[in-house]
Amino acid sequence: MIPESFKQDLLNRTDIVDVVSRYVQLKKAGANFLGLCPFHNEKTPSFTVSPAKQFYHCFGCGAHGNAIGFMMAHAGLGYVDAVKELASSAGMQMPEFQPRSPEEAARRERETDLYALMERAMEFYRAELKKAPRAIDYLKGRGLTGEIAARFRIGYAPNDWQALRAAFPEYEDKALVECGLVIQGEEGKRYDRFRDRVMFPILSARGAVIGFGGRVLGEGEPKYLNSPETPLFEKGREVYGLVQARDAIRAAGRVLVVEGYMDVVALAQFGVGYAVATLGTATTPVHVSKLLRLADELVFCFDGDAAGRKAAWRALEVSLPLALDNKPVSFLFLPEGDDPDSYVRSHGGDALERLIREAQTLSGFLLAELRAQSDLATPEGRSRFLTAAKPHVQRIAAPGLRLQVVKQVAEMARVSQEEAERLMELRSAPTYARPAPQRASAPLPLSLEWKLLARAFARPELVLEIDPSLLSPELPESQALLELMELLKGAGDTARLSDSVLAELIDKAAHGAMLSRAQAVLNFELRLGEDEAVSEFREFVGALRRREPEADRTLRQRVLKGVATPDERRRFEEKMLGSLRNRP
Ligand SMILES: [Zn+2]
(Lines give C-alpha, C1' and ligand atoms only; values in the text may rest on other atoms or scores of the structure.)
Protein backbone atom coordinates (compact mmCIF):
# COMPACT_ATOMS: atom_id res chain seq x y z
CA MET A 1 0.00 0.00 0.00
CA ILE A 2 1.30 3.42 -0.96
CA PRO A 3 0.20 5.92 1.69
CA GLU A 4 -2.44 8.38 0.51
CA SER A 5 -0.38 11.35 1.71
CA PHE A 6 2.57 10.26 -0.40
CA LYS A 7 0.39 9.95 -3.47
CA GLN A 8 -1.08 13.42 -2.91
CA ASP A 9 2.38 14.84 -2.45
CA LEU A 10 3.61 13.12 -5.61
CA LEU A 11 0.66 14.43 -7.65
CA ASN A 12 1.33 17.92 -6.29
CA ARG A 13 4.94 17.82 -7.36
CA THR A 14 4.35 16.25 -10.76
CA ASP A 15 3.17 18.24 -13.75
CA ILE A 16 0.95 16.08 -15.91
CA VAL A 17 1.80 18.20 -18.95
CA ASP A 18 5.47 17.24 -18.50
CA VAL A 19 4.62 13.59 -18.08
CA VAL A 20 2.32 13.40 -21.09
CA SER A 21 4.63 15.43 -23.34
CA ARG A 22 7.29 12.78 -22.97
CA TYR A 23 5.08 10.59 -25.14
CA VAL A 24 2.54 12.82 -26.87
CA GLN A 25 3.13 16.02 -28.79
CA LEU A 26 0.98 18.65 -27.08
CA LYS A 27 -0.02 22.10 -28.28
CA LYS A 28 -1.33 24.86 -26.09
CA ALA A 29 -5.02 25.53 -26.66
CA GLY A 30 -6.31 28.25 -24.35
CA ALA A 31 -5.80 27.19 -20.76
CA ASN A 32 -5.27 23.55 -21.78
CA PHE A 33 -3.10 21.41 -23.99
CA LEU A 34 -4.29 19.37 -26.93
CA GLY A 35 -2.76 16.44 -28.78
CA LEU A 36 -3.51 13.33 -30.78
CA CYS A 37 -4.82 10.68 -28.42
CA PRO A 38 -2.29 7.90 -27.79
CA PHE A 39 -5.10 5.50 -26.91
CA HIS A 40 -7.11 5.61 -30.11
CA ASN A 41 -6.56 6.41 -33.74
CA GLU A 42 -7.48 9.97 -34.68
CA LYS A 43 -6.60 12.67 -37.17
CA THR A 44 -7.83 15.70 -35.25
CA PRO A 45 -6.73 16.07 -31.64
CA SER A 46 -9.30 15.40 -28.94
CA PHE A 47 -6.87 14.44 -26.18
CA THR A 48 -7.01 17.29 -23.67
CA VAL A 49 -4.69 17.88 -20.72
CA SER A 50 -5.49 20.39 -18.04
CA PRO A 51 -2.45 21.87 -16.26
CA ALA A 52 -4.71 23.60 -13.74
CA LYS A 53 -6.67 20.48 -12.84
CA GLN A 54 -3.89 17.97 -13.50
CA PHE A 55 -5.90 15.40 -15.38
CA TYR A 56 -6.40 14.37 -19.01
CA HIS A 57 -9.48 13.43 -20.96
CA CYS A 58 -9.99 12.19 -24.50
CA PHE A 59 -13.25 13.34 -26.05
CA GLY A 60 -12.83 10.65 -28.69
CA CYS A 61 -12.42 7.47 -26.67
CA GLY A 62 -13.11 8.56 -23.10
CA ALA A 63 -9.60 7.84 -21.81
CA HIS A 64 -9.35 9.71 -18.52
CA GLY A 65 -7.04 9.98 -15.56
CA ASN A 66 -4.21 11.71 -13.75
CA ALA A 67 -0.44 11.40 -14.18
CA ILE A 68 -0.35 8.00 -12.46
CA GLY A 69 -3.16 6.69 -14.64
CA PHE A 70 -1.41 7.97 -17.73
CA MET A 71 1.81 6.11 -16.87
CA MET A 72 -0.15 2.95 -16.22
CA ALA A 73 -2.10 3.12 -19.45
CA HIS A 74 0.63 4.41 -21.69
CA ALA A 75 3.78 2.74 -20.40
CA GLY A 76 1.99 -0.44 -19.43
CA LEU A 77 3.08 -0.19 -15.80
CA GLY A 78 1.33 -1.47 -12.70
CA TYR A 79 0.13 1.04 -10.12
CA VAL A 80 3.14 0.76 -7.84
CA ASP A 81 5.60 0.91 -10.72
CA ALA A 82 3.85 3.97 -12.16
CA VAL A 83 4.13 5.71 -8.80
CA LYS A 84 7.79 4.69 -8.55
CA GLU A 85 8.56 6.00 -12.00
CA LEU A 86 6.91 9.36 -11.30
CA ALA A 87 8.51 9.57 -7.87
CA SER A 88 11.95 9.06 -9.31
CA SER A 89 11.48 11.77 -11.94
CA ALA A 90 10.17 14.07 -9.20
CA GLY A 91 13.22 13.20 -7.09
CA MET A 92 11.07 11.76 -4.31
CA GLN A 93 12.06 8.88 -2.10
CA MET A 94 9.48 6.09 -2.12
CA PRO A 95 8.04 5.54 1.34
CA GLU A 96 8.55 2.24 3.07
CA PHE A 97 5.71 -0.10 2.39
CA GLN A 98 3.13 -0.26 5.12
CA PRO A 99 2.05 -3.85 5.10
CA ARG A 100 -1.48 -4.64 6.07
CA SER A 101 -1.01 -7.84 8.02
CA PRO A 102 1.83 -9.88 9.47
CA GLU A 103 1.47 -12.38 6.59
CA GLU A 104 1.65 -9.56 4.08
CA ALA A 105 4.67 -8.18 5.90
CA ALA A 106 6.35 -11.57 5.81
CA ARG A 107 5.59 -12.00 2.15
CA ARG A 108 6.95 -8.56 1.27
CA GLU A 109 10.08 -9.12 3.26
CA ARG A 110 10.51 -12.44 1.54
CA GLU A 111 10.11 -10.81 -1.88
CA THR A 112 12.63 -8.12 -1.04
CA ASP A 113 14.98 -10.87 0.04
CA LEU A 114 14.45 -12.74 -3.22
CA TYR A 115 15.16 -9.64 -5.32
CA ALA A 116 18.35 -9.08 -3.34
CA LEU A 117 19.39 -12.71 -3.85
CA MET A 118 18.82 -12.49 -7.59
CA GLU A 119 20.81 -9.28 -7.78
CA ARG A 120 23.67 -10.88 -5.86
CA ALA A 121 23.59 -13.93 -8.14
CA MET A 122 23.76 -11.68 -11.20
CA GLU A 123 26.80 -9.85 -9.83
CA PHE A 124 28.42 -13.19 -9.09
CA TYR A 125 27.82 -14.50 -12.62
CA ARG A 126 29.11 -11.26 -14.13
CA ALA A 127 32.31 -11.46 -12.10
CA GLU A 128 32.72 -15.10 -13.15
CA LEU A 129 32.47 -14.16 -16.82
CA LYS A 130 35.64 -12.09 -16.52
CA LYS A 131 37.49 -15.20 -15.32
CA ALA A 132 36.11 -17.49 -18.02
CA PRO A 133 37.98 -17.19 -21.34
CA ARG A 134 35.85 -19.94 -22.91
CA ALA A 135 32.67 -17.96 -22.29
CA ILE A 136 34.28 -14.72 -23.46
CA ASP A 137 35.42 -16.45 -26.64
CA TYR A 138 31.93 -17.76 -27.20
CA LEU A 139 30.42 -14.26 -26.93
CA LYS A 140 33.13 -12.77 -29.14
CA GLY A 141 32.50 -15.54 -31.64
CA ARG A 142 28.88 -14.38 -31.80
CA GLY A 143 30.07 -10.89 -32.67
CA LEU A 144 29.24 -9.35 -29.30
CA THR A 145 31.28 -6.52 -27.83
CA GLY A 146 32.00 -6.04 -24.14
CA GLU A 147 29.73 -3.03 -24.22
CA ILE A 148 26.69 -5.03 -25.28
CA ALA A 149 27.53 -7.80 -22.80
CA ALA A 150 27.62 -5.17 -20.05
CA ARG A 151 24.40 -3.56 -21.23
CA PHE A 152 22.57 -6.88 -21.00
CA ARG A 153 24.53 -7.76 -17.84
CA ILE A 154 25.57 -11.07 -19.29
CA GLY A 155 27.46 -13.43 -17.00
CA TYR A 156 28.73 -16.96 -16.70
CA ALA A 157 27.75 -19.80 -14.36
CA PRO A 158 30.88 -21.92 -13.71
CA ASN A 159 30.95 -25.64 -14.36
CA ASP A 160 30.64 -26.57 -10.72
CA TRP A 161 27.78 -28.20 -8.80
CA GLN A 162 27.86 -25.65 -5.99
CA ALA A 163 29.55 -22.59 -7.49
CA LEU A 164 26.99 -20.28 -5.89
CA ARG A 165 28.31 -21.24 -2.46
CA ALA A 166 31.03 -18.64 -3.10
CA ALA A 167 28.40 -15.90 -3.36
CA PHE A 168 26.02 -17.34 -0.77
CA PRO A 169 27.74 -18.73 2.32
CA GLU A 170 24.19 -19.49 3.55
CA TYR A 171 23.85 -21.99 0.68
CA GLU A 172 21.30 -24.02 2.68
CA ASP A 173 18.85 -21.08 2.79
CA LYS A 174 15.58 -22.24 1.29
CA ALA A 175 15.19 -18.84 -0.43
CA LEU A 176 17.81 -19.96 -2.97
CA VAL A 177 15.51 -22.83 -3.95
CA GLU A 178 12.50 -20.54 -3.90
CA CYS A 179 13.99 -18.13 -6.42
CA GLY A 180 15.10 -20.99 -8.64
CA LEU A 181 18.87 -20.65 -8.36
CA VAL A 182 19.42 -23.90 -6.50
CA ILE A 183 17.77 -27.29 -6.91
CA GLN A 184 16.91 -29.46 -3.95
CA GLY A 185 17.69 -32.98 -5.13
CA GLU A 186 16.72 -36.29 -3.61
CA GLU A 187 18.20 -37.14 -0.21
CA GLY A 188 18.44 -33.39 0.47
CA LYS A 189 21.40 -32.86 -1.80
CA ARG A 190 21.54 -29.35 -3.25
CA TYR A 191 23.14 -28.10 -6.42
CA ASP A 192 23.18 -25.06 -8.71
CA ARG A 193 20.53 -25.02 -11.43
CA PHE A 194 22.81 -23.27 -13.91
CA ARG A 195 26.22 -24.79 -14.64
CA ASP A 196 28.65 -24.02 -17.45
CA ARG A 197 26.21 -21.62 -19.04
CA VAL A 198 26.30 -18.11 -20.38
CA MET A 199 23.80 -16.29 -18.19
CA PHE A 200 21.26 -13.74 -19.41
CA PRO A 201 19.48 -11.95 -16.54
CA ILE A 202 15.76 -11.38 -17.09
CA LEU A 203 14.66 -8.00 -15.76
CA SER A 204 11.25 -6.74 -14.71
CA ALA A 205 9.83 -3.56 -16.27
CA ARG A 206 11.55 -1.53 -13.58
CA GLY A 207 14.89 -3.25 -13.94
CA ALA A 208 14.98 -5.76 -11.06
CA VAL A 209 16.43 -9.20 -11.77
CA ILE A 210 13.56 -11.68 -11.69
CA GLY A 211 15.06 -14.67 -13.49
CA PHE A 212 17.82 -15.99 -15.70
CA GLY A 213 18.16 -17.64 -19.03
CA GLY A 214 21.25 -19.80 -19.48
CA ARG A 215 22.77 -20.96 -22.75
CA VAL A 216 24.94 -24.03 -22.45
CA LEU A 217 28.57 -23.53 -23.49
CA GLY A 218 29.46 -27.06 -24.43
CA GLU A 219 27.29 -29.77 -25.92
CA GLY A 220 25.00 -30.30 -22.91
CA GLU A 221 21.24 -30.46 -22.89
CA PRO A 222 19.03 -28.51 -22.83
CA LYS A 223 20.67 -25.87 -24.95
CA TYR A 224 18.61 -23.13 -23.32
CA LEU A 225 17.50 -23.27 -19.71
CA ASN A 226 15.28 -20.71 -17.98
CA SER A 227 14.54 -20.01 -14.35
CA PRO A 228 11.38 -21.82 -13.22
CA GLU A 229 8.28 -19.83 -12.27
CA THR A 230 8.95 -18.23 -8.89
CA PRO A 231 7.24 -15.60 -6.74
CA LEU A 232 9.16 -13.04 -8.80
CA PHE A 233 8.96 -14.57 -12.24
CA GLU A 234 5.85 -15.39 -14.23
CA LYS A 235 6.84 -16.41 -17.75
CA GLY A 236 3.62 -15.53 -19.52
CA ARG A 237 3.80 -11.94 -18.33
CA GLU A 238 7.44 -11.09 -18.93
CA VAL A 239 9.53 -10.48 -21.98
CA TYR A 240 13.29 -10.51 -22.20
CA GLY A 241 15.14 -7.29 -23.01
CA LEU A 242 12.33 -4.77 -22.46
CA VAL A 243 14.33 -2.48 -20.20
CA GLN A 244 17.19 -2.27 -22.70
CA ALA A 245 14.85 -1.92 -25.68
CA ARG A 246 12.48 0.70 -24.31
CA ASP A 247 14.14 3.79 -25.80
CA ALA A 248 14.66 2.17 -29.17
CA ILE A 249 11.02 1.00 -29.23
CA ARG A 250 9.88 4.55 -28.61
CA ALA A 251 12.20 5.96 -31.26
CA ALA A 252 11.25 3.38 -33.90
CA GLY A 253 7.58 3.25 -32.88
CA ARG A 254 7.94 -0.47 -33.35
CA VAL A 255 8.69 -3.58 -31.33
CA LEU A 256 10.05 -6.82 -32.76
CA VAL A 257 9.26 -10.02 -30.90
CA VAL A 258 11.76 -12.84 -31.31
CA GLU A 259 12.11 -16.21 -29.63
CA GLY A 260 15.50 -16.24 -27.93
CA TYR A 261 17.57 -14.00 -25.71
CA MET A 262 20.61 -14.53 -27.91
CA ASP A 263 18.52 -13.10 -30.78
CA VAL A 264 17.71 -9.98 -28.77
CA VAL A 265 21.32 -9.38 -27.83
CA ALA A 266 22.64 -10.02 -31.34
CA LEU A 267 20.04 -7.71 -32.86
CA ALA A 268 20.98 -4.96 -30.42
CA GLN A 269 24.63 -5.49 -31.36
CA PHE A 270 23.77 -4.99 -35.02
CA GLY A 271 21.71 -1.86 -34.47
CA VAL A 272 18.19 -3.31 -34.20
CA GLY A 273 17.61 -2.25 -30.61
CA TYR A 274 13.82 -2.63 -30.44
CA ALA A 275 13.67 -6.42 -30.12
CA VAL A 276 12.39 -8.39 -27.12
CA ALA A 277 11.92 -12.13 -26.61
CA THR A 278 9.23 -14.28 -25.09
CA LEU A 279 10.64 -16.61 -22.48
CA GLY A 280 10.23 -20.16 -23.61
CA THR A 281 6.46 -19.84 -23.70
CA ALA A 282 4.01 -19.26 -26.50
CA THR A 283 2.86 -15.69 -27.00
CA THR A 284 0.23 -14.70 -24.44
CA PRO A 285 -2.41 -11.94 -24.52
CA VAL A 286 -0.48 -10.23 -21.73
CA HIS A 287 2.60 -10.05 -23.95
CA VAL A 288 0.67 -8.61 -26.86
CA SER A 289 -1.29 -6.00 -24.95
CA LYS A 290 1.77 -4.96 -22.94
CA LEU A 291 3.82 -4.43 -26.09
CA LEU A 292 1.04 -2.72 -28.06
CA ARG A 293 0.87 -0.13 -25.31
CA LEU A 294 4.53 0.71 -25.86
CA ALA A 295 4.71 0.75 -29.63
CA ASP A 296 2.63 1.66 -32.68
CA GLU A 297 3.53 -1.49 -34.51
CA LEU A 298 4.19 -5.05 -33.37
CA VAL A 299 6.21 -7.39 -35.58
CA PHE A 300 6.58 -11.05 -34.69
CA CYS A 301 9.66 -12.73 -36.06
CA PHE A 302 9.67 -16.51 -36.48
CA ASP A 303 11.87 -19.09 -38.12
CA GLY A 304 10.57 -20.17 -41.51
CA ASP A 305 10.24 -23.87 -40.57
CA ALA A 306 7.10 -25.77 -39.57
CA ALA A 307 7.64 -25.13 -35.85
CA GLY A 308 8.06 -21.42 -36.54
CA ARG A 309 4.81 -21.26 -38.54
CA LYS A 310 2.96 -23.10 -35.80
CA ALA A 311 4.21 -20.66 -33.16
CA ALA A 312 3.28 -17.78 -35.46
CA TRP A 313 -0.25 -19.10 -35.87
CA ARG A 314 -0.61 -19.20 -32.10
CA ALA A 315 0.60 -15.59 -31.90
CA LEU A 316 -1.91 -14.65 -34.59
CA GLU A 317 -4.78 -16.19 -32.64
CA VAL A 318 -3.76 -14.27 -29.53
CA SER A 319 -3.45 -11.02 -31.50
CA LEU A 320 -6.80 -11.08 -33.34
CA PRO A 321 -8.80 -9.48 -30.52
CA LEU A 322 -5.93 -7.18 -29.50
CA ALA A 323 -4.70 -5.63 -32.77
CA LEU A 324 -5.96 -2.07 -33.17
CA ASP A 325 -6.72 -0.18 -36.35
CA ASN A 326 -3.90 2.25 -35.61
CA LYS A 327 -1.52 -0.39 -34.26
CA PRO A 328 -0.93 -3.13 -36.80
CA VAL A 329 0.52 -6.54 -36.01
CA SER A 330 2.63 -8.30 -38.62
CA PHE A 331 4.64 -11.48 -39.10
CA LEU A 332 8.14 -11.92 -40.42
CA PHE A 333 9.32 -15.37 -41.47
CA LEU A 334 13.05 -15.78 -41.86
CA PRO A 335 14.52 -17.92 -44.64
CA GLU A 336 14.64 -21.57 -43.58
CA GLY A 337 17.65 -22.47 -41.53
CA ASP A 338 18.07 -18.93 -40.19
CA ASP A 339 17.21 -17.42 -36.84
CA PRO A 340 17.42 -13.67 -36.14
CA ASP A 341 20.86 -14.10 -34.57
CA SER A 342 22.38 -15.94 -37.53
CA TYR A 343 20.57 -13.78 -40.07
CA VAL A 344 21.71 -10.48 -38.65
CA ARG A 345 25.28 -11.74 -38.28
CA SER A 346 25.52 -12.81 -41.90
CA HIS A 347 23.37 -10.11 -43.55
CA GLY A 348 23.55 -7.15 -41.15
CA GLY A 349 20.97 -4.96 -39.44
CA ASP A 350 19.85 -3.07 -42.55
CA ALA A 351 18.95 -6.26 -44.39
CA LEU A 352 16.89 -7.42 -41.43
CA GLU A 353 15.11 -4.08 -41.22
CA ARG A 354 14.21 -4.42 -44.89
CA LEU A 355 12.59 -7.76 -44.10
CA ILE A 356 10.80 -6.19 -41.13
CA ARG A 357 9.31 -3.49 -43.35
CA GLU A 358 8.07 -6.15 -45.76
CA ALA A 359 6.65 -8.41 -43.06
CA GLN A 360 3.36 -10.12 -43.78
CA THR A 361 0.34 -8.36 -42.33
CA LEU A 362 -1.87 -10.10 -39.79
CA SER A 363 -4.72 -10.29 -42.31
CA GLY A 364 -2.35 -11.48 -45.05
CA PHE A 365 -1.06 -14.30 -42.87
CA LEU A 366 -4.55 -15.26 -41.71
CA LEU A 367 -6.01 -15.43 -45.21
CA ALA A 368 -3.00 -17.22 -46.70
CA GLU A 369 -3.21 -19.96 -44.07
CA LEU A 370 -6.96 -20.36 -44.46
CA ARG A 371 -6.71 -20.41 -48.21
CA ALA A 372 -4.08 -23.14 -48.08
CA GLN A 373 -6.59 -25.41 -46.32
CA SER A 374 -9.37 -25.10 -48.89
CA ASP A 375 -9.73 -25.49 -52.64
CA LEU A 376 -11.27 -22.20 -53.71
CA ALA A 377 -11.99 -23.54 -57.20
CA THR A 378 -14.98 -25.60 -56.01
CA PRO A 379 -18.20 -24.50 -54.25
CA GLU A 380 -17.47 -27.04 -51.49
CA GLY A 381 -13.97 -25.65 -51.01
CA ARG A 382 -15.25 -22.08 -50.87
CA SER A 383 -17.90 -22.84 -48.29
CA ARG A 384 -15.34 -24.74 -46.28
CA PHE A 385 -13.14 -21.67 -46.47
CA LEU A 386 -15.96 -19.50 -45.11
CA THR A 387 -16.58 -21.91 -42.26
CA ALA A 388 -12.89 -21.99 -41.39
CA ALA A 389 -12.65 -18.18 -41.50
CA LYS A 390 -15.69 -17.60 -39.30
CA PRO A 391 -14.23 -18.03 -35.77
CA HIS A 392 -11.15 -15.99 -36.64
CA VAL A 393 -12.99 -13.11 -38.27
CA GLN A 394 -15.40 -13.03 -35.34
CA ARG A 395 -12.51 -12.46 -32.97
CA ILE A 396 -11.06 -9.43 -34.76
CA ALA A 397 -11.94 -6.48 -32.57
CA ALA A 398 -10.56 -3.57 -34.59
CA PRO A 399 -13.58 -2.46 -36.65
CA GLY A 400 -11.63 -1.20 -39.66
CA LEU A 401 -9.46 -4.28 -39.90
CA ARG A 402 -12.47 -6.53 -39.51
CA LEU A 403 -14.30 -4.82 -42.35
CA GLN A 404 -11.28 -5.16 -44.63
CA VAL A 405 -10.90 -8.86 -43.83
CA VAL A 406 -14.61 -9.50 -44.39
CA LYS A 407 -14.42 -7.86 -47.81
CA GLN A 408 -11.46 -10.01 -48.77
CA VAL A 409 -13.03 -13.20 -47.47
CA ALA A 410 -16.18 -12.40 -49.42
CA GLU A 411 -14.25 -11.83 -52.61
CA MET A 412 -12.23 -15.02 -52.23
CA ALA A 413 -15.36 -17.06 -51.50
CA ARG A 414 -17.25 -15.38 -54.36
CA VAL A 415 -20.10 -14.12 -52.18
CA SER A 416 -21.25 -10.58 -51.41
CA GLN A 417 -20.08 -8.79 -48.29
CA GLU A 418 -23.58 -9.07 -46.78
CA GLU A 419 -23.66 -12.80 -47.48
CA ALA A 420 -20.26 -13.28 -45.92
CA GLU A 421 -21.31 -11.31 -42.85
CA ARG A 422 -24.48 -13.36 -42.51
CA LEU A 423 -22.71 -16.69 -42.97
CA MET A 424 -20.03 -15.76 -40.46
CA GLU A 425 -22.67 -14.36 -38.07
CA LEU A 426 -20.99 -10.99 -37.79
CA ARG A 427 -24.05 -8.92 -37.03
CA SER A 428 -23.39 -8.67 -33.35
CA ALA A 429 -20.88 -6.01 -32.40
CA PRO A 430 -17.42 -7.37 -31.69
CA THR A 431 -16.10 -7.14 -28.16
CA TYR A 432 -13.62 -4.32 -28.05
CA ALA A 433 -10.30 -4.61 -26.33
CA ARG A 434 -10.80 -0.97 -25.37
CA PRO A 435 -13.92 1.04 -24.75
CA ALA A 436 -15.56 1.77 -28.08
CA PRO A 437 -14.84 5.31 -29.25
CA GLN A 438 -18.50 6.17 -29.89
CA ARG A 439 -19.20 5.85 -26.18
CA ALA A 440 -17.67 9.19 -25.34
CA SER A 441 -18.86 11.09 -28.38
CA ALA A 442 -22.51 10.11 -27.89
CA PRO A 443 -24.72 13.16 -27.22
CA LEU A 444 -24.76 14.42 -23.67
CA PRO A 445 -27.78 13.56 -21.53
CA LEU A 446 -30.23 16.43 -20.97
CA SER A 447 -31.58 15.43 -17.57
CA LEU A 448 -31.42 17.48 -14.42
CA GLU A 449 -29.40 14.64 -12.96
CA TRP A 450 -26.71 15.08 -15.62
CA LYS A 451 -26.60 18.85 -15.02
CA LEU A 452 -26.03 18.16 -11.35
CA LEU A 453 -23.39 15.57 -12.06
CA ALA A 454 -21.38 17.83 -14.35
CA ARG A 455 -21.39 20.68 -11.82
CA ALA A 456 -20.67 18.44 -8.87
CA PHE A 457 -17.04 18.23 -9.92
CA ALA A 458 -16.57 21.88 -8.97
CA ARG A 459 -16.72 20.86 -5.32
CA PRO A 460 -17.47 17.16 -4.94
CA GLU A 461 -18.90 17.27 -1.42
CA LEU A 462 -21.85 19.12 -3.03
CA VAL A 463 -23.36 15.82 -4.09
CA LEU A 464 -24.06 15.03 -0.47
CA GLU A 465 -26.66 17.86 -0.59
CA ILE A 466 -28.78 15.84 -3.01
CA ASP A 467 -31.69 13.82 -1.69
CA PRO A 468 -31.16 10.46 -3.42
CA SER A 469 -34.90 9.66 -3.33
CA LEU A 470 -35.55 12.55 -5.76
CA LEU A 471 -33.34 11.12 -8.50
CA SER A 472 -34.96 9.21 -11.35
CA PRO A 473 -33.56 5.79 -10.56
CA GLU A 474 -33.57 4.47 -14.13
CA LEU A 475 -31.15 7.08 -15.50
CA PRO A 476 -27.47 6.08 -15.76
CA GLU A 477 -26.53 9.60 -14.64
CA SER A 478 -28.53 9.08 -11.42
CA GLN A 479 -26.66 5.88 -10.78
CA ALA A 480 -23.41 7.71 -11.44
CA LEU A 481 -24.40 10.39 -8.92
CA LEU A 482 -25.25 7.76 -6.33
CA GLU A 483 -21.94 6.03 -6.92
CA LEU A 484 -20.08 9.32 -6.57
CA MET A 485 -21.80 9.85 -3.22
CA GLU A 486 -20.63 6.43 -2.07
CA LEU A 487 -17.09 7.05 -3.29
CA LEU A 488 -16.92 10.36 -1.44
CA LYS A 489 -18.22 8.85 1.75
CA GLY A 490 -15.39 6.33 1.52
CA ALA A 491 -12.74 8.89 0.62
CA GLY A 492 -12.45 10.60 3.99
CA ASP A 493 -11.59 14.28 3.90
CA THR A 494 -13.34 15.52 0.75
CA ALA A 495 -11.83 19.00 1.00
CA ARG A 496 -8.48 17.47 0.06
CA LEU A 497 -9.74 15.85 -3.11
CA SER A 498 -8.08 17.58 -6.01
CA ASP A 499 -9.30 17.05 -9.55
CA SER A 500 -6.39 14.75 -10.26
CA VAL A 501 -7.12 12.54 -7.25
CA LEU A 502 -10.79 12.47 -8.25
CA ALA A 503 -9.87 11.48 -11.79
CA GLU A 504 -8.19 8.40 -10.36
CA LEU A 505 -10.97 7.65 -7.88
CA ILE A 506 -13.66 7.60 -10.55
CA ASP A 507 -11.55 5.70 -13.02
CA LYS A 508 -12.20 2.46 -11.16
CA ALA A 509 -15.89 3.19 -10.62
CA ALA A 510 -18.65 1.13 -12.20
CA HIS A 511 -19.98 4.30 -13.83
CA GLY A 512 -16.45 5.53 -14.57
CA ALA A 513 -17.20 6.52 -18.17
CA MET A 514 -20.13 8.72 -17.16
CA LEU A 515 -18.26 10.26 -14.24
CA SER A 516 -15.13 10.97 -16.30
CA ARG A 517 -17.21 12.62 -18.92
CA ALA A 518 -18.91 14.84 -16.39
CA GLN A 519 -15.57 15.93 -14.95
CA ALA A 520 -14.27 16.69 -18.44
CA VAL A 521 -17.39 18.56 -19.53
CA LEU A 522 -17.26 20.86 -16.51
CA ASN A 523 -13.61 21.69 -17.00
CA PHE A 524 -13.24 21.74 -20.77
CA GLU A 525 -16.68 22.64 -22.11
CA LEU A 526 -18.76 24.48 -19.52
CA ARG A 527 -15.70 26.28 -18.18
CA LEU A 528 -17.57 27.59 -15.16
CA GLY A 529 -15.66 29.13 -12.30
CA GLU A 530 -16.04 27.27 -9.01
CA ASP A 531 -18.51 29.80 -7.57
CA GLU A 532 -20.63 29.84 -10.72
CA ALA A 533 -20.72 26.07 -10.84
CA VAL A 534 -21.68 25.85 -7.17
CA SER A 535 -24.53 28.33 -7.52
CA GLU A 536 -25.84 26.59 -10.64
CA PHE A 537 -25.61 23.29 -8.80
CA ARG A 538 -27.76 24.64 -5.96
CA GLU A 539 -30.32 25.99 -8.45
CA PHE A 540 -30.59 22.55 -9.97
CA VAL A 541 -30.96 20.96 -6.53
CA GLY A 542 -33.94 23.29 -6.04
CA ALA A 543 -35.35 22.33 -9.42
CA LEU A 544 -35.00 18.69 -8.44
CA ARG A 545 -37.06 19.28 -5.28
CA ARG A 546 -39.75 21.10 -7.27
CA ARG A 547 -39.86 18.43 -9.93
CA GLU A 548 -43.04 16.41 -10.03
CA PRO A 549 -42.29 12.95 -8.73
CA GLU A 550 -42.16 10.31 -11.42
CA ALA A 551 -45.11 8.37 -9.97
CA ASP A 552 -47.31 11.48 -9.91
CA ARG A 553 -46.44 12.30 -13.49
CA THR A 554 -47.41 8.82 -14.66
CA LEU A 555 -50.64 9.02 -12.72
CA ARG A 556 -51.56 12.38 -14.25
CA GLN A 557 -50.83 11.12 -17.75
CA ARG A 558 -53.00 8.05 -17.25
CA VAL A 559 -55.91 10.18 -16.02
CA LEU A 560 -55.56 12.62 -18.93
CA LYS A 561 -55.40 9.78 -21.44
CA GLY A 562 -58.47 8.24 -19.86
CA VAL A 563 -56.81 4.89 -19.08
CA ALA A 564 -56.71 5.26 -15.29
CA THR A 565 -58.53 2.79 -13.03
CA PRO A 566 -61.20 4.20 -10.66
CA ASP A 567 -58.71 3.83 -7.82
CA GLU A 568 -56.06 5.81 -9.70
CA ARG A 569 -58.60 8.54 -10.51
CA ARG A 570 -59.51 8.82 -6.84
CA ARG A 571 -55.83 9.12 -5.83
CA PHE A 572 -55.28 11.77 -8.48
CA GLU A 573 -58.24 13.84 -7.31
CA GLU A 574 -57.05 13.64 -3.73
CA LYS A 575 -53.63 14.91 -4.78
CA MET A 576 -55.10 17.77 -6.77
CA LEU A 577 -57.26 18.81 -3.82
CA GLY A 578 -54.29 18.49 -1.51
CA SER A 579 -52.12 20.73 -3.65
CA LEU A 580 -54.97 23.31 -3.91
CA ARG A 581 -55.30 23.33 -0.15
CA ASN A 582 -51.56 23.83 0.29
CA ARG A 583 -51.53 26.92 -1.87
CA PRO A 584 -50.75 30.12 0.04
ZN1 LIG B 1 -8.73 8.74 -27.26
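Cys37 is buried, with a relative accessible area of 6%; buried here means under 20% relative accessible area, found with a 1.4 Å probe on protein chains only. His40 also counts as buried, at 13% relative accessibility. This is a predicted model, in which local features need pLDDT of at least 70, side-chain atom pairs count only at pLDDT 80 or more, and totals for chains, interfaces and linings use all residues. Residues are numbered from 1 along each chain as its sequence is written, and side-chain values use heavy atoms, leaving out hydrogens and water.

Let us turn to the metal. Cys37 (SG), His40 (ND1), Cys58 (SG) and Cys61 (SG) are the protein donors of the zinc ion, at 2.1 to 2.3 Å from it. Donors are N, O and S atoms within 2.8 Å of the metal (3.2 Å for Na, K and Ca). Along the sequence, these donor residues follow the spacing C-x2-H-x17-C-x2-C. The angles among the four donor atoms run from 102 to 118°, and the site is tetrahedral, a label given to four donors if all angles lie between 85 and 135 degrees. Ideal angles for four tetrahedral donors are 109.5 degrees.

How values were computed
Tetrahedral: all angles 85-135°; square planar, octahedral: opposite > 155°, others 65-115°. Buried < 20%, exposed > 50% of the residue type's maximum accessible area, 1.4 Å probe, protein only.
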